[in-house]
Every structure is written in C-alpha cells, then in structure tokens.
Amino acid sequence: LRESELDAVTIAAAGSGRPFLGICVGMQMLFEGSDESPDEPGLGILGGQVVLLPDTVKRPQMQWNPIRSTAGHPLVEPFDGEWMYFVHSYAVMSSDDTLATCNYGGDMVAIAGRDNIIATQFHPEKSGQAGLGFLRSFVERVPVGATGTKVTS
C-alpha cells in the first residue's frame with residue numbers, strides 16, 4: 001500500500017466525506033497496526049489493533065457467524081443476528097469504533113466505523129441475501145458529508 005502510495009489515496013478517500021467501505025483486509029488496514037506485520041503501522045483511521053485469532057480456535061476462520069449490533073447504528077441494526085461469512089486469521093478484538101461483534105473464541109469486531117467510514121471483517125459479497133442487503137443499505141444509508149472523518153495519519 002505504501003510502496004504504491006495508495007496509503008495517501010486511502011486516507012484522502014476516508015477523510016473526504018464520501019461513503020467509504022473496507023472489507024476484510026480492507027477493514028484491518030484501517031486500524032493502528034497488526035500482529036501480522038508488527039513493524040508496519042496501520043493507517044490509524046480507526047482505533048484498535050489487529051491480532052492473531054486465539055489458539056483455541058481453528059485458523060483461518062472460514063464459516064458463517066451471526067453478528068450482534070453493539071451501537072444501534074442505523075446501517076447495522078437491521079442486520080443484528082444475521083449470519084455473515086468470515087474468512088480470516090486476524091481480527092480486531094476491541095475498538096471504540098465497534099458497531100457490531102461476533103463470537104469466535106471470544107467477541108471480536110465484525111463491523112467498525114464512524115461517520116462516512118464503515119468496515120466489515122466478514123465478506124458481505126459472500127454472505128448471501130443478508131450480505132447483499134448490507135451492501136444495499138451501505139449505499140443508501142451511509143452519510144455523504146462535506147467534512148467526513150478527520151484523518152491525521
């Protein structure tokens with residue numbers, strides 16, 4: 001990302017006020033850092049650290065899992081309890097930007113975001129009708145604003 005200077009493009013897009021969606025690794029790169037690449041900082045757009053899933057679970061997680069809304073966000077709330085498809089070995093276990101969680105060896109962030117930025121650990125494009133509904137809802141409900149999220153990375 002940094003080699004191709006796409007980090008600056010990503011930061012500018014996230015700070016633009018236009019709807020911004022990160023999926024799976026696209027979500028993970030928005031956080032402060034990751035155990036997967038400990039010497040390389042994340043973009044720091046969302047607060048939290050990406051960590052390896054616990055030894056007590058199979059890695060990678062490749063399965064359907066229900067999500068639980070935690071913040072009453074209008075995009076997320078209609079999908080509370082819906083089963084979404086996950087494929088990953090790393091996850092954010094805790095963040096002030098959490099909008100929904102799921103449980104896989106403990107609670108982890110399934111959806112994070114603020115303002116115009118939404119990020120999912122699951123793959124909505126692989127999550128059947130619920131995932132398609134989530135993508136449709138993202139397009140229809142995520143606010144378009146003049147200021148967007150203040151991004152300082």
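A: Start with the whole. With 153 residues, a compact globule would have a radius of gyration near 15 Å, and the protein chain agrees at 15 Å. That radius is taken over C-alpha atoms, and the globule rule is 2.2 Å times the number of residues to the power 0.38. The C-alpha trace spans about 40 × 40 × 25 Å along its principal axes.

This is a predicted model: local features need pLDDT of at least 70, side-chain atom pairs count only at pLDDT 80 or more, and totals for chains, interfaces and linings use all residues. Numbering runs from 1 along each chain as its sequence is written, and side-chain values use heavy atoms, without hydrogens and water.

The protein chain holds 3 helices and 10 strands. These are DSSP runs numbered from the N terminus: helices are H or I of at least four residues, strands E of at least two. Their pattern along the sequence is α-β-α-β-β-β-β-β-β-β-β-β-α.

Two strands pair if DSSP finds at least two bridges between them. Strand 3 (residues 49–52) runs antiparallel to strand 7, over 3 bridges. Leucine 52 has tyrosine 90, in strand 7, as its bridge partner.

Back to the chain. Of the contacts with a separation of 6 or more, 62% join residues 24 or more positions apart; contact means heavy atoms within 4.5 Å. Buried residues, those under 20% relative accessible area with a 1.4 Å probe and protein chains only, make up 46% of the 153.

Key:
Buried means under 20% relative accessible area, exposed over 50%, partly exposed in between (1.4 Å probe, protein chains only).
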